[in-house]
Amino acid sequence: RLDLLKAMQFEADKSKYTEIWDRKTIPQKIDYKFIMLVDMSGSMSGEKIAETFKGLIVLSEVLNRIGIKHEIAGFSGNIGIKIFKEFKEELDKKTRDKISSVLTNTGGGTPTAQATEFASDELEKNKGKDNFLVTLTDGGPDSDESLNRAIKIIREKTFVCKHCKHTCE
């Protein structure tokens, strides 16, 4: 529907063309949850962790700006699983300082299966309408077999087909 007041303003300023139309839409609440896992194993030291950190920061800042709750956790054989930002925490100076320690704590093995199971449990506890698990890694888990098994179990537990409303492939 045409908004007559804005249409008159359009006559004076042609850049307001998109504003002259009234749109009736139903607002929808965003209810997404992201958890980002960062591989901090020995194989990630140096340039790999520096580049991974840059991607982590960009993704985290974007999610923060658009109001999507997210958690950041790192994992390695040395530290196990360490949470750098929880869902409920704001992305303030203190949290940013905690996240920056990702750069200095690399070493040990790559327990990707355990970290993936942990992240899945965290998402289950803090469930949103749509949940996303992002793993930032160089792709070298301690055990491909255990990671594949963990992913299969998580998929069976959480994936629901939109067509038949059951778990399926």
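Contact here means heavy atoms within 4.5 Å. The model is predicted: local features need pLDDT of at least 70 and side-chain atom pairs count only at pLDDT 80 or more, while totals for chains, interfaces and linings use all residues. Residues are numbered from 1 along each chain as its sequence is written, and side-chain values use heavy atoms, with hydrogens and water left out.

**View 1. Surroundings of Ile72.** Ile72 touches Met36, Val38, Leu56, Ser60, Lys82, Ile83, Phe84, Lys85 and Ile99, with residues up to four places away in sequence not counted.

**View 2. The largest nonpolar core.** A nonpolar core is a set of buried Ala, Val, Leu, Ile, Met, Phe, Trp, Tyr and Cys residues joined through side-chain atoms within 4.5 Å. Buried means under 20% relative accessible area, exposed over 50%, and partly exposed in between (1.4 Å probe, protein chains only). The largest such core has 15 residues, and Val38, Leu56, Ile72, Ile99 and Val102 have the most contacts inside it. Strand E1 (32–39) and helix H2 (47–65) are the elements that give two or more residues to this core; helices (H or I, at least four residues) and strands (E, at least two) are DSSP runs, numbered from the N terminus. H2 supplies the largest share, 4 residues. Another core, of 8 residues, lies apart from it, and Ile35, Leu37, Ala73 and Phe75 are among its members.

**View 3. Ser60 in helix H2**. Ser60 has a relative accessibility of 2% and therefore counts as buried. Not counting residues up to four places away in sequence, Ser60 touches Met36, His70, Ile72 and Leu91.

**View 4. Packing of helices H4 and H5**. H4 (residues 112–125) and H5 (residues 144–158) pack at an angle of about 15°, with their axes 8 Å apart. H4 is therefore roughly parallel to H5 (angles under 35 degrees count as roughly parallel, over 145 as roughly antiparallel, 65 to 115 as roughly perpendicular and the rest as oblique). Axes are lines fitted to C-alpha atoms, for helices over the stretch in contact, and angles run from 0 to 180 degrees between N-to-C directions. On the H4 side, Thr112, Ala113, Thr116, Glu117, Ser120, Asp121 and Glu124 meet Ser146, Leu147, Ala150, Ile154, Lys157 and Thr158 of H5. By class, this contact has 4 nonpolar, 5 polar and 4 charged residues.

**View 5. Gly139 in the loop between strand E4 (130–136) and H5**. Gly139 counts as exposed because its relative accessibility is 55%. Its C-alpha atom is separated by 23 Å from that of Lys85, 54 residues apart along the chain.

Conventions. Ala, Val, Leu, Ile, Met, Phe, Trp, Tyr, Cys and Pro count as nonpolar, Asp, Glu, Lys and Arg as charged, and the others, Gly among them, as polar.
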